[in-house]
Amino acid sequence: MRTEFVRIYKAVHTWTGIIAGMALFIAFYAGALTVFKEPLARWAAPPAAMPAVALEDTPQLIARVLAADPMAARDFTIHLTDTEQVPGRMGWQVRDPDADEHDETSVRHYAATLDADGQARIESVHPSQLASFIDVLHRVVGLPVDSDPNRWVMGIIAVLYALALVSGVVVLLPSLVKDFFALRVGRNLKRMWLDAHNVVGIVSLPFHLVMALTAVVFAYHDGIYVVQDSVIHDGKWGTAFQRPPPSTAAPTRDPAAMLPPLELVARAKAFAPGFEPTLLQYQQVTGPRAVVRVWGKDAAAVSPRARGGFAALDPYSGKVIGNDFLPGRQSTPNLFISSFFALHMAAFGGTPVQWMYFVLGLAGAWLFYSGNLLWVESRRRKQPRSGGGVPAQRRDVRLLAAATVGVCLGCVCGISVSIVGSKWAYGLVGDADAWLRPLYYSCFFGCIAWAFMRGAARAGVSLLWLAAASTLAIPLTSCVAVLMPGLNMWAHTSPSSLGVDMTACVGALAFGWMAKAAARRARHGAPDSVWSGKQEGGLGEGAPGAGVQAK
Amino acid sequence: MAGSSHPPIQRDWLSKTLAGLVLGAVLAFALSGLFSRLNAGMPLSVRGQLAMWMVPPIWLGVLSGVYFFSSGLRAWLWLGMAAAGLAGAFYLL
């Protein structure tokens, strides 16, 4: 390849990477945690005030609740599992019609159970928003609300990300064979970081290509559909998903005549062996289009959505009326479409694949962080061999180093603080959700301000210690909850919930190790670097070597 | 490398990027339209989704490859011809 192309694509890689890198760090760090959204939701769920009805008694529950609140018949859920974040056995949601369809904060949740004398008890419940808050940070690169304009911003970042991926490969291609298996650990730190950046980038390239393309689709699919509808589909797209009208106008049906949930589950499992149902979603059960979606997962198959897939059954006859979204039973074109979702959301292969995505996601975050470090390192002013003073580093280099440290570690600290805060706020003031955004953003912007005030080297060390401390506070909070029940907190002992605590322990150790390494470099590393504590700190302070620098 | 035998490559950042963005979009929509026309037997719900998923890979592929053209003018000419040909084929079908 002509070296000119390499030079041109290196410029593309540099500038797309610098613009998108920090936003992508947030998307990938929050996204790695979102792989385990359900364990996080279970960890953050207050102990259920509403006992779950036994599965055998659910027909009675459904009949009583629909008699008391006929509106619930539109769309309600029967949970088959007894996990911490699910109150009662039956639940439904009422959405604000004016809110964005992806905005979960405006949804009101209801749950129902049977009390001792068999009467329906319906309550408004407030499931913890923690896991969906972290998911929102992931979906809109750290912005507070998942709305159309914010998704468009994310889409621009995703386009830059795709450009950065292709250009990075073009730059690396001529020397790929020579460089790929070389991790030159040694005195040349920049060489080592570049080797590591290249290895991680090439090894996880398929993962990143999938993420970039799906993210662009998630941002702009509405717009693409609108254009294609008018140009290609002749305005018929809106009717593509309509089911044919029922042949006879059926009278209002009596939900008491529906098959029991356990029977519906048995029918779904008989239709698809290996499918593990987790919940039943009933829709329009009193109307002619009554349907129950038996949602679940099949670790041996591709799931079309993050929560799994479903078989659509007629709740009165138990007949399977749709398998377009059933893992392992989809038609080839539907499987093809589902695989995009599954490849983005780790909805295949079960828990081992989720852990793989967790690691790939964190590796991705590291990739963007290291990219910024390489930009900084390439613009380093070296101390002349002949001696003389230590040159001050360029102002733009100091700014970018501080921004990288502040934004990336601000996101890490902010997420840990909001996880911890969700439990404490519930115990102390009751309403935890109102505190999530203030906690995250005050921590996030506080870290950025601190990084600019102190400079990258010193702020890097202290912010890494803060990340270690706030992450360690996650399992410590669970310990405190057990030791001091008066604080009105809780600690669940399910493997999922304990897994959150243990992962946080490992994370805290990792941040602590990084903090020690950063402190060592700040103390003993080469003084002609933004990572040296001997460089000037805050941006307002005078530069000590200003008179010596080249120009 | 035989760098001396080639004319130098012009950067033309703006015109190449615009060519990639604009003509990449035309190419992507034209190809997705051709796909939809040629698979008219597939249910619209499935065909439409596949056609939508085709757009970003083609669009971004063109956008990220556009800097290989030796000048912005050549990018516009080649991509423009390809886009016109495919769009024409789509409307003729």
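Author: Start with strands. Helices (H or I, at least four residues) and strands (E, at least two) are DSSP runs, numbered from the N terminus. Two strands pair if DSSP finds at least two bridges between them. Here E3(A) and E4(A) pair in the antiparallel sense over six bridges.

Reader: What should I know about the model and its numbering?

Author: This is a predicted model, in which local features need pLDDT of at least 70 and side-chain atom pairs count only at pLDDT 80 or more, while totals for chains, interfaces and linings use all residues. Residues are numbered from 1 along each chain as its sequence is written, and chains are lettered from A and ligands numbered from 1 in the order in which they are written.

Reader: How many residues lie between E3(A) and E4(A) in their hairpin?

Author: Five residues lie between them, and A:Gly118 in the turn has a positive phi of about 80 degrees. E3(A) (residues 108-114) is also joined to E2(A) (residues 90-94), by five bridges, and these two run antiparallel. There, A:Val94 has A:Arg108 of E3(A) as its bridge partner.

Reader: Which order do the eight strands of the open sheet have?

Author: The order is E4-E3-E2-E1-E5-E6-E7-E8 in chain A, with antiparallel pairing. E4 (120-125) and E8 (320-322) of chain A are at the edges with a single partner strand each, so one side of each has no neighbour in the sheet. From one strand to the next the twist averages 30 degrees. As a general point, side chains in a regular strand alternate between the two faces of the sheet.

Reader: How are two packed helices described?

Author: By the angle between their axes and the distance between the axes. Axes are lines fitted to C-alpha atoms, for helices over the stretch in contact, and angles run from 0 to 180 degrees between N-to-C directions. Angles under 35 degrees count as roughly parallel, over 145 as roughly antiparallel, 65 to 115 as roughly perpendicular and the rest as oblique. H14(A) (residues 456-483) and H15(A) (residues 495-524) pack at about 160 degrees, with axes 8 Å apart. H14(A) is therefore roughly antiparallel to H15(A).

Reader: At what angle do the axes of H1(A) and H12(A) cross?

Author: The axes of H1(A) (residues 3-34) and H12(A) (residues 395-429) cross at roughly 20 degrees and come within 10 Å. That makes H1(A) roughly parallel to H12(A).

Reader: Which residues of H1(A) and H12(A) make the contact?

Author: Two residues are in contact if their C-beta atoms, placed from the backbone, lie within 7 Å. From H1(A) the contact includes A:Met22, A:Phe25 and A:Tyr29, and from H12(A) it includes A:Val407, A:Cys411 and A:Ile415. For classes, Ala, Val, Leu, Ile, Met, Phe, Trp, Tyr, Cys and Pro count as nonpolar, Asp, Glu, Lys and Arg as charged, and the others, Gly among them, as polar. The contact of H1(A) with H12(A) has twelve nonpolar residues, one polar and no charged.

Reader: How many residues does each chain give to the contact of chain A and chain B?

Author: Chain B gives 27 residues and chain A gives 32. H2(B) gives the most to the side of chain B that touches chain A, with 15 residues. That side of chain B divides into 17 nonpolar, nine polar and one charged.
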